[in-house]
Amino acid sequence: MSRPRPFWLATTILLATCASPAPATPTPTASAVVVPTATQFDAARAKAHVDYLADAARGGRYSGSAGYRDAATYVADRFREIGLEPLGDSGTFFQHFTMPIVDLTEMSTLTGPGGKTYQPRVDFTESVGGRSGSGTAEAQIAAVGGAARGGGLNDFAGANVRGKIALVTGPAAPNGASSVENAYQEGAIGVLLVGGATLRYSYIPRLQSETIPTLVIADDVANQLLAPAGQTLTTARALVGAHRADASAPASGFDIPTTLRMTVSLTPVHDVDAMNVVGLLRAPDPNNATRAVLVGGHLDGVGTDPNGAVFQAANDNASGPSVTIEVARALAASRSLLNHSIVFVAFAGEEEGLYGSDAYVAQMAVAPGRVESLVAVLNLDVIGCCSDTLIVSSEAPDLQRRVLDAASGLGVSAEATGSGGSDQTSFARRRVPAVLIGTRDYILHVYADKPAVVEESRLKKAGDVVTQVAKDLATAP
């Protein structure tokens, strides 16, 4: 799942200039062994798929990497053994596309007074995208609330931000503006945001021509940095609230007599050869087979840190393609009953901004498969850990209700949630009924997202529901 950007970042980011495309990687070859299909969802097999896909040997499955290609080959092999037809390029299961990527060249750093060294993925993490990119900043701090400016608000009042590192304490600007961009416009040379510091947020490969380093720091680090000014996060946020409510209240910004050094070092944005994995379970009646249900989830993860630590990405999202494989196996046994075909997809490039699902929509030209042929999309993301309650997104209310009803009929807890956040968005904005199916609580983008966190019992609940819904949709007139 594309980890939501910290609350203070804008969602609109300008395109960066990409480097010359890298040479295309060869298409992996999938084996031709055919294994008999099962009639019900097999959670033990699904868990075995998670164990393979999220093994550290896959390197976190960063799009375009050798580890991703290995994982894609594994999925294609499973599709072939089930008996799916290849629906990728040139008679293969692989649909290639070019996408931009960016990565760290070394671990980011944050050094405080007296040489105090903070730990990446513990005390802080970097944010990458838009104005946030490579850079080094060494300067004093200015606390700037939620970095709101304009519309009658000025969280910067009281602080001298120019040439300093802006500490964005929150609360967020009410108009949704980018706090990083606002701080940059006020002259900040670096930005500290407050939020989850153990995650590796998705690196969005769309950067402004001029960037500044941006780190997300833990609450306790923020409190340490605020202490010399006699403030805490709680008191700093209270100042912001009071000043926004009453412009005559004391200014909420203030300078902090503390010098920090922060660094973020990134590769240039460059193109890689990425690939979706696409298989087809074709309905037997040619008159109906050109319409299709799509079931899938993204295969890519957020990769490996420069220090060698791997984000194994078991729940996010080895779980989705693993469930997809076993839904395909279960439904292949019912092929004779299908009125519509079923397309199964493992997407690349979700973490960087839905590149894989967008490429599928743009490039898939055959029916069944192309977007005009799809009757529904079931997107599976973060579906194997941490909760026995499924969530179903709201982009298509009728489809959402169908999934919720199927879950209820199977005795599986499920609830409605909001929209966005994963590959169903690429289809929903083309007016295809599409929903995300995941779990209410989840783990993602942390070192701890390893195969052990994904539980067979939860894969079973999710797999049974998805199998039932996909079968109902595909057997409908």
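1. How many helices and how many strands does the protein chain have? The protein chain has 10 helices and 20 strands, where helices (H or I, at least four residues) and strands (E, at least two) are DSSP runs that are numbered from the N terminus. This is a predicted model, in which local features need pLDDT of at least 70 and side-chain atom pairs count only at pLDDT 80 or more, while totals for chains, interfaces and linings use all residues. Residues are numbered from 1 along each chain as its sequence is written, and side-chain values use heavy atoms, with hydrogens and water left out.

2. On the overall form, the C-alpha trace of the protein chain spans about 75 × 45 × 35 Å along its principal axes. Among the contacts in the protein chain with a separation of 6 or more, 84% come from residues 24 or more positions apart, a contact being heavy atoms within 4.5 Å.

3. Turning to the aromatic rings, a search of the whole structure finds 6 aromatic pairs. Rings of Phe, Tyr and Trp (its six-membered ring) pair if their centres lie within 6.5 Å, and planes under 30 degrees apart count as stacked, over 60 as edge-to-face and the rest as tilted. One of the pairs is formed by Tyr-52 and Tyr-74, which are stacked at 4.3 Å centre to centre with 15° between the planes. Because Tyr-52 lies in helix H1 (residues 43–53) and Tyr-74 in helix H2 (residues 66–82), this pair ties together parts that are 22 residues apart in sequence. Tyr-52 counts as partly exposed at 28% relative accessibility, whereas Tyr-74 counts as buried at 13%.

4. A further pair is that of Phe-311 and Tyr-447, which is tilted, with 4.6 Å centre to centre and 35° between the planes. Phe-311 lies in the loop between strand E15 (292–298) and helix H6 (314–332), and Tyr-447 in the loop between strand E20 (434–439) and helix H10 (456–475), so the pair ties together parts that are 136 residues apart in sequence. Phe-311 is buried at 1% relative accessibility, while Tyr-447 is partly exposed at 27%. Elsewhere, Phe-347, Tyr-360 and Phe-427 form one aromatic cluster.

5. Arg-58 lies over the face of Tyr-52, at 4.0 Å from the ring centre, and Arg-200 lies over the face of Tyr-62, at 5.5 Å from the ring centre. A charge sits over a ring if NZ of Lys or CZ of Arg is within 6 Å of the ring centre and within 35 degrees of the ring normal.

6. The count of salt bridges comes to 25, a salt bridge being a side-chain nitrogen of Lys or Arg within 4 Å of a carboxyl oxygen of Asp or Glu. Glu-126 and Arg-121 form one of them, with their closest N and O atoms 2.7 Å apart; Glu-126 is buried at 2% relative accessible area, and Arg-121 is buried at 5%. Arg-200 meets Asp-305 in a salt bridge at 3.0 Å, N to O, and this pair links distant parts of the chain, with Arg-200 in the loop between strand E10 (190–194) and strand E11 (207–212) and Asp-305 in the loop between E15 and H6, 105 residues apart. Arg-200 counts as buried at 1% relative accessibility, and Asp-305 counts as buried at 3%.

7. Asp-405 forms a salt bridge with Arg-401, the closest N and O atoms being 3.2 Å apart, and both residues lie in helix H8 (residues 397–409), 4 residues apart, about one turn of the helix. Asp-405 is partly exposed at 43%, and Arg-401 is partly exposed at 46%. In another part of the model, salt bridges that share partners join Asp-103, Arg-121, Glu-126, Arg-200 and Asp-305 into one network.

8. In helix H4 (residues 219–226), the residues Val-221, Ala-222, Leu-225 and Leu-226 are buried. Seen down the axis of H4, its buried residues fall within an arc of 135°, so they line one face of the helix; the arc is that of the directions from the helix axis to the C-beta atoms. These buried residues pack against several elements, including strand E6 (135–143), helix H5 (233–245) and strand E13 (254–264).

Notes:
Buried means under 20% relative accessible area, exposed over 50%, partly exposed in between (1.4 Å probe, protein chains only).
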